[in-house]
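Below is a short briefing on the fold, the ligand shell and some backbone details. Please keep the structure open while reading.

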Amino acid sequence: METGAGYPLQYWEETVQSGARLSRKEASDLFSDLDLYQLMKLGSNLTAKQVGDVVTYAVSYNINYSNYCSASCPICAFYVPAKLKGKTDRGYELGLEDIRKETLKAREMKATEIHIVGGFNPYLGVEYYEDMFRMVKNTYPEATLKALTIPEIDFIARISGNSVKETVSRFKDAGVDAHTGGGAEIFAPEVRKQITTPEKISGEQWLEDAKIIHSLGMPGNSTMTYGHVESWDDIIDHMIRLRDNQLEVPGILSFIPLKFSPENTPLQKMGKVKGPDSSVKDIKVISMARIIMGQAIRNISVYWVAVGKLMAQVELDSGGSDLVGTAYREKIYGATNRTERTTTEEVDNLIRGIGRIPAQRDTFYRLISY
Ligand code: SF4
């Protein structure tokens, strides 16, 4: 990290408010020059200018179709090694009837969005996914189907011998409306090597795939997993690359920083991470996201499941404009013992509690109701 340019808050305020697109060096100078409270103020002022007072969220229902995975990422507590299939009762694969039942629960809970992700399961072909998506759409046609991370799409394409383009076209035909944006982790290769395995595509490939998927008319979110072994340079680099990707081929609906939750993960068992990173970092990540990316990616999301509900309020006051979703039945963070639950009333109250206006949105960030 640079030592900063030595500019005062006013200089950075004017630079950022003028809409300047920060270079890596400028972003890192700004980060070094400003303290926590100045970053929060800048993030908050920019949010007011770019988004206004409204804080959005979706009523979302999660389905995790399988936890067998051939990738074995050190940051993950969710997966069961695919080679253990048939040798352990910890792994599962949902069948079509299970998917139908889950979808009916989503309908009962009035979810507007069904969010589907799982592991890299080498035993499932592209047809399994097509059948699953068709089942969801036939059971609950009113819901938007947001499915798979970009590395999952890439994996399914590879094992079925299709291109990403062909795979996405087939999934679109089967009813997928958007991808989830997961699996971006941290793009910097040295860090990525420590937290994932080569099977989980490089940062460059993630960005290339995103452009292909977006150019086919399937938008999605973007993410970053932080709070493990990365540096601030890596975080800034990740944000700049996502912003530039969006400017080249638009299709990113929001940016969702995901705080790493270490419990039960191999990374913690290896002793590389001692515990969750600080709340100060959470706030700075959101402020920097707003400052670096807000012009290109207007929706900067706070994932309350990862940071907790009270910290989510502070982050909304520092650059955030969205609370992701109700995440009914979330299992990925649940595997790290983060099992908080919520209701739409509670989300509304969280937002009203900081003087902002809650609004339910659809997957594409269009407002449904205030
Ligand atoms: S993070 Fe995803 S790809 Fe990596 S082990 Fe977990 S389920 Fe598999």
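The points that follow are grouped by topic. This is a predicted model, in which local features need pLDDT of at least 70, side-chain atom pairs count only at pLDDT 80 or more, and totals for chains, interfaces and linings use all residues. Residues are numbered from 1 along each chain as its sequence is written. Helices (H or I, at least four residues) and strands (E, at least two) are DSSP runs, numbered from the N terminus.

**Sheet β2-β5-β6**

- Three strands form an open sheet in the order β2-β5-β6, with parallel pairing; two strands pair if DSSP finds at least two bridges between them.
- β2 (60-64) and β6 are the edge strands, each with a single partner strand, so one side of each has no neighbour in the sheet.
- From one strand to the next, the twist averages 20°; axes are lines fitted to C-alpha atoms, for helices over the stretch in contact, and angles run from 0 to 180 degrees between N-to-C directions.
- Strand β5 (residues 113-117) pairs with β6 in the parallel sense over four bridges.
- Across this pairing, I114 stands opposite L145 in β6, and I116 stands opposite A147 in β6.
- Strand β6 (residues 144-147) is covered on both faces, with T144 and K146 buried on one side and L145 and A147 buried on the other. A residue is buried if 20 or more other C-beta atoms lie within 10 Å of its own, exposed if 12 or fewer, and partly exposed in between, with C-beta atoms placed from the backbone.

**Sheet β7-β8-β9**

- Another open sheet of three strands has the order β7-β8-β9, again with parallel pairing.
- Its edges are β7 (220-226) and β9 (299-300), each with a single partner strand, so one side of each is left without a neighbour in the sheet.
- Strand β8 (residues 252-259) and β9 pair in the parallel sense over two bridges, and S254 stands opposite N299 in β9.
- Helix α12 (residues 279-293) lies across β7, β8 and β9 and runs at about 160° to β8.

**Helices α6 and α9**

- The axes of helix α6 (residues 150-159) and helix α9 (residues 203-215) come within 10 Å and cross at roughly 85°.
- The two helices α6 and α9 are therefore roughly perpendicular to each other; angles under 35 degrees count as roughly parallel, over 145 as roughly antiparallel, 65 to 115 as roughly perpendicular and the rest as oblique.
- I150, P151, I153 and D154 of α6 make the contact with Q205, W206, D209, A210 and I213 of α9; two residues are in contact if their C-beta atoms, placed from the backbone, lie within 7 Å.
- By class, this contact of α6 with α9 has six nonpolar, one polar and two charged residues. Ala, Val, Leu, Ile, Met, Phe, Trp, Tyr, Cys and Pro count as nonpolar, Asp, Glu, Lys and Arg as charged, and the others, Gly among them, as polar.

**Ligand shell**

- The residues around the ligand are C69, A71, S72, C73, C76, F78, Y79, G119, F120 and K200; a residue is near a molecule if its C-beta atom, placed from the backbone, lies within 6 Å of it.
- By class, this shell has seven nonpolar, two polar and one charged residues.

**Positive phi values**

- I201, a residue other than glycine, has a positive phi near 35°.
- I201 is found in the loop between α8 (189-195) and α9, and counts as buried because it has 24 C-beta neighbours inside 10 Å.
- Y365 is not a glycine either, and its phi is positive at about 70°.
- Y365 lies in the loop between β11 (357-361) and β12 (367-369), and is partly exposed, with 17 other C-beta atoms within 10 Å.
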